[in-house]
Amino acid sequence: MAATPRFRNDADAAPDADPHLIPESASADRKHPVDETLPPLKMFTSGLQHVAAMYAGVVAPPMIVGPAVGLTPKETAFLMGASLFTAGLATLLQTLGFWRIGARLPFVNGVSFAGVTPMVAIGKDRGHDGIAVIFGAIIVAGLLGFLLAPYFCKLVRFFPPVVTGTVITLIGVSLLPVAFRWSQGGNAMADDYGSMTNITMAAVTLVIVLALRKLLRGFLQQIAILLGLVIGTLIAIPVGITDFGAIKDAELIGFPTPFHFGAPQFEIAAIVSMCIVMLVCMTESTADMLALGKIVDRPADERTIEGGLRADTLGSAISPLFNGFMCSAFAQNIGLVAMTKARSRFVVAAGGGILIVLGLVPVAASVIALVPLPVLGGAGIVLFGSVAASGIQTLATAALEKGENALIVAAAVGVGLIPIAAPDFYHAFPEDLLVVLDSGISTGCVVAIALNLVFNHLGRKPDPDPSGQEREQERSPAAAAPAAAH
């Protein structure tokens, strides 16, 4: 196995030095890029770029759940601010961590989309009582997940490259429809949804981002997404698709008062439903950590995944205290890390701090909300495509010519694409099952793990050929590198 790469201190390295080219004779105390800190301005702008990439994903669930349970527009706006605040707290837990909590990777957390459908079903037209029941179920699910984390993380041994590559590819492909919907305008009921204006604006932003990545160098190249969003928003103002209403109605200061909608209530059916969602989120977070670990050259081992899952679940259990929902990994930000090559976890921690400020200062959050969804969609195509490309790179190391590995990928990708290619495919299934089946990432992950066990483990003697499965297992994230120092 290759030796673990060593890295330069900021003072030793040339500005654009590639850490992989640094000789083995370098001193052992040099930091991994994940643990490096950047100058304050770079830290802030890079963190802001992460916030811009995830903002729409954080505020979308409360925008859906609030009206569904019968909250007023003002109460829904309060939920949105609370979601930003709790996403910031969960992100700090992941990036900075304490004890054995936190992956300590540039890992962004926010409100999980997986819980939207069951939350709407739980609280529909029940007003504050509905929100209280949702919060009670999330607290129980978060605490259960926290207890399960040390056992759930052991699944990493069942994630060799043939599985991780498949799941990473599915993450990127599953996110692309989100970028396409944003490019059309986001709201399918709006009159201008899919209009030439919206799609053209998305295309212009896409071209701007690609041009900036080609023409700029150094740090400016790293924040090409942020610059593209700013330029795209400025162009969108005369076009007429930038909405300034959020700024006019926003309050200057607002704190998410604990249990604003009343004390949490606990109903068995709601708890069971949200516990299922938690397991789905833990599966997706495991896959996301494996993907991110590969991208930043710090493979996620069992201890890293255990810490990451603990941060996910603890963040979820704490969120209802501040009127937030279940927290989980935000895969779109993995694409941003892959594209910008900014691997420092402290950059994402800065983004977490910005999220907390946005949650406390609604008027500041409304400025971020100025970015029109078509502009965000144009940039999202690059971000989410980068995740899929990382998965394809991983599959290139998975020895697809050996055994049935190619068949594993074919079946898992095929099943994982069902919710994307045929959204109504499972319409006749029980609603509780849809929590899992409607997530292509989860179903594809389960199929890939199961088929890898069937074809490469059960009833099969170890392959003496070092280029076969034994070698593939050797390259798996659990064995690829020693445990990261926590």
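Rings of Phe, Tyr and Trp, the last taken by its six-membered ring, count as a pair if their centres lie within 6.5 Å, and planes over 60 degrees apart make the pair edge-to-face. The views below come from a predicted model.

**View 1. Phe78 and Phe261 form an aromatic pair that is edge-to-face.**
A search of the whole structure finds 5 aromatic pairs. In the pair shown here, the ring centres of Phe78 and Phe261 are 5.9 Å apart and the ring planes stand at 80 degrees, so the pair is edge-to-face. The two partners belong to distant parts of the chain, 183 residues apart, since Phe78 lies in helix 2 (residues 73–95) and Phe261 lies in the loop between helix 9 (245–249) and helix 10 (268–295). Both Phe78 and Phe261 are buried.

**View 2. Phe85, also in helix 2, pairs with Phe322.**
The rings of Phe85 and Phe322 are edge-to-face, with 5.3 Å from centre to centre and 65 degrees between the planes. This pair too links distant parts of the chain, because Phe85 sits in helix 2 while Phe322 sits in the loop between helix 11 (302–318) and strand 2 (327–329), 237 residues apart. Are Phe85 and Phe322 buried or exposed? Phe85 has a relative accessible area of 8% and is therefore buried, and Phe322, with a relative accessible area of 16%, is buried as well.

**View 3. Other aromatic rings take part in a cluster and in a contact with a charge.**
Phe425, Tyr426 and Phe429 are joined by ring pairs into a cluster. Elsewhere, the ring of Phe146 has the charged end of Arg310 sitting over it, 5.7 Å from the ring centre.

**View 4. The buried residues of helix 6 line one face of the helix.**
Helix 6 covers residues 196–215, which makes 20 residues, and reaches 28 Å from its first C-alpha to its last, close to the 28 Å expected at 1.5 Å a residue. Which residues of helix 6 are buried? They are Asn198, Met201, Ala202, Thr205, Ile208, Val209 and Leu212. Seen down the axis of helix 6, these buried residues fall within an arc of 120 degrees, so they line one face of the helix. An α-helix has 3.6 residues a turn, so residues three or four places apart point the same way. On the other side of helix 6, the residues Met196, Val207, Lys214 and Leu215 are exposed.

**View 5. Phe325 belongs to the largest nonpolar core.**
This core has 105 residues, and those with the most contacts inside it are Ile134, Met274 and Phe325. Helix 10 supplies the largest share of the core, 14 residues. When neighbours within four places in sequence are left aside, Phe325 is in contact with Pro62, Val65, Leu79, Ser83, Val111, Met119, Ile134, Phe135, Ile138 and Ser319. For the setting of this view, the chain has 21 helices and 2 strands, and 54% of its 486 residues count as buried. Among contacts between residues at least 6 apart in sequence, 82% join residues at least 24 apart.

**View 6. His50 and Gly308 are two buried residues in helices.**
His50 has its place in helix 1 (residues 40–69) and counts as buried because its relative accessibility is 4%. Not counting residues up to four places away in sequence, His50 touches Val108, Asn333, Leu336, Val337, Val347 and Val348. Gly308 is found in helix 11 and is buried, with a relative accessible area of 0%. Beyond its neighbours within four places in sequence, Gly308 is in contact with Gln94, Gly102, Ala103 and Met289. Ser285 lies 23 residues from Gly308 in sequence, and the two are 7.9 Å apart in space, C-alpha to C-alpha.

**View 7. Trp99 and Ala399 have a positive phi.**
Most residues other than glycine have a negative phi. The phi of Trp99, however, is near 50 degrees, and the phi of Ala399 is also near 50 degrees. Trp99 lies in the loop between helix 2 and strand 1 (109–111), and Ala399 lies in the loop between helix 15 (373–395) and helix 16 (405–416). Trp99 counts as exposed, at 56% relative accessibility, whereas Ala399 counts as buried, at 8% relative accessibility.

Definitions and conventions:
Residues numbered from 1 in each chain as written. Predicted model: local features only at pLDDT ≥ 70, side-chain atom pairs only at ≥ 80, totals over all residues. Heavy atoms only, no water. Helix = DSSP H or I, 4+ residues; strand = E, 2+ residues; numbered from the N terminus. Buried < 20%, exposed > 50% of the residue type's maximum accessible area, 1.4 Å probe, protein only. Contact = heavy atoms within 4.5 Å. Expected span 1.5 Å × (residues − 1). Arc of directions from axis to C-beta. Phe/Tyr/Trp six-rings, centres within 6.5 Å; stacked < 30°, edge-to-face > 60°. Lys NZ or Arg CZ within 6 Å of the ring centre and 35° of its normal. Core = buried A, V, L, I, M, F, W, Y, C linked by side-chain atoms within 4.5 Å.
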